[in-house]
Amino acid sequence: MKKVILLGLAIVLFTACNQQDTRYTQESPEIDIVKTVIKDYNEKEYSMTNFADTSKTYFNTKTDFLTIDKLVEYHQDNDANYSNRGFLEEDQEYEMVVTDEGHTWVNVWLDWQATVKESGKVIDMPVHLTYRFVDGKIVTTYGYWDPTEIVLELQELERNAAAQSDESEEVEE
């Protein structure tokens with residue numbers, strides 16, 4: 001009888017020691033929410049229902065954030081530059097991690113592609129996004145990418161437009 005009790009206690013202790021919270025996964029409700037956010041972005045649907053009212057978004061900065069309203073405005077302003085744009089479906093990577101502090105983050109590595117409306121130039125760019133969740137809502141977003149190619153293309157278009165404007169003024173005189 002003593003052996004049965006000790007065996008039962010050993011099994012309970014072994015089972016209790018092996019049960020750990022998931023700290024890393026590639027499938028979770030939070031990842032599904034981020035996939036919906038990406039889909040909505042691609043479809044230019046900015047409902048923002050998956051974001052907390054006080055959500056802060058940081059793009060290529062640690063200090064200046066966008067509120068939900070400013071984030072929608074940011075996307076709509078940028079959309080004006082492209083005849084099409086969005087995240088590609090292939091080679092997407094999603095992971096959810098729970099930090100030592102208990103914070104839930106979803107990290108995403110995606111490829112973004114856009115066609116500049118004025119020039120037709122196609123730009124491909126890798127993007128890293130990370131979303132922090134509290135109670136099933138996104139409370140913080142960080143996004144990082146190298147915008148150099150876009151900036152240079154838009155600057156070139158502005159220079160060309162200014163040069164054409166100068167030429168038309170000279171012709172009128």
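Which residue forms a salt bridge with R159? That residue is E156, and the closest N and O atoms of the pair are 2.9 Å apart. Hi everyone, and thanks for having me. Before I go on, please keep in mind that we are looking at a predicted model.

Let's stay with that pair for a moment. Both R159 and E156 sit in helix α4, which covers residues 148-172. They are three residues apart, about one turn of the helix. How open are they to the outside? R159 has a relative accessible area of 49%, so we call this arginine partly exposed. E156 is at 33%, and therefore also counts as partly exposed.

Now, how many salt bridges does the count come to? The answer is seven. Let me show you some others.

Find R23 and D100 on the screen. These two form a salt bridge with their closest N and O atoms 2.4 Å apart. This pair links distant parts of the chain, as R23 and D100 are 77 residues apart. R23 is in the loop between α1 (2-18) and β1 (24-25), while D100 is in the loop between β4 and β5 (104-116). Are the two partners buried or exposed? R23 has a relative accessible area of 42%, so this residue is partly exposed. D100 reaches 68%, and because exposed means over 50%, D100 gets that label.

Next comes E43, which forms a salt bridge with K39. Here the closest N and O atoms are 3.5 Å apart. E43 is partly exposed at 42% relative accessible area, and K39 is partly exposed at 46%.

There is also a network of salt bridges, and the residues it links are K121, E149 and E153.

E89, E90, D91 and E93 form a negative surface patch. One of them, E93, lies in strand β4, residues 93-98. With 42% relative accessibility, E93 counts as partly exposed.

On to the aromatic rings. A quick reminder for anyone new to this: we describe a pair of rings by how far apart the centres are and by the angle of the planes. Searching the whole structure gives eight aromatic pairs.

Take Y41 and F87. Their ring centres are 5.2 Å apart and their planes are at 50 degrees, so we call this pair tilted. Y41 belongs to helix α2 (residues 29-42) and F87 to strand β3 (residues 82-87), so the pair ties together parts that are 46 residues apart in sequence. Both Y41 and F87 are buried.

F59 and Y74 make another tilted pair, with 5.3 Å from centre to centre and 45 degrees between the planes. Again distant parts of the chain are linked: F59 is in strand β2 (residues 51-59), Y74 is in helix α3 (residues 68-79), and they are 15 residues apart. What about their surroundings? F59 has 17% relative accessibility, which is under the 20% limit, so F59 counts as buried. Y74, at 29%, is partly exposed.

Finally, have a look for Y58, F65, W105, Y142 and Y144. Ring pairs link these five residues into a cluster.

So, to recap: in this predicted model, we met seven salt bridges by count, a negative surface patch that includes E93, and eight aromatic pairs.

Definitions and conventions: Residues numbered from 1 in each chain as written. Predicted model: local features only at pLDDT ≥ 70, side-chain atom pairs only at ≥ 80, totals over all residues. Heavy atoms only, no water. Patch = residues over 30% accessible without salt bridge, like charges linked within 9 Å, V, L, I, M, F, W, Y side chains within 5 Å. Areas by Shrake-Rupley, 256 points an atom, 1.4 Å probe, with all protein chains shown as cover. Salt bridge = Lys/Arg side-chain N within 4 Å of Asp/Glu carboxyl O. Lys, Arg positive; Asp, Glu negative; His and termini not counted. Charge placed at Lys NZ, Arg CZ, Asp CG, Glu CD. Helix = DSSP H or I, 4+ residues; strand = E, 2+ residues; numbered from the N terminus. Buried < 20%, exposed > 50% of the residue type's maximum accessible area, 1.4 Å probe, protein only. Phe/Tyr/Trp six-rings, centres within 6.5 Å; stacked < 30°, edge-to-face > 60°.
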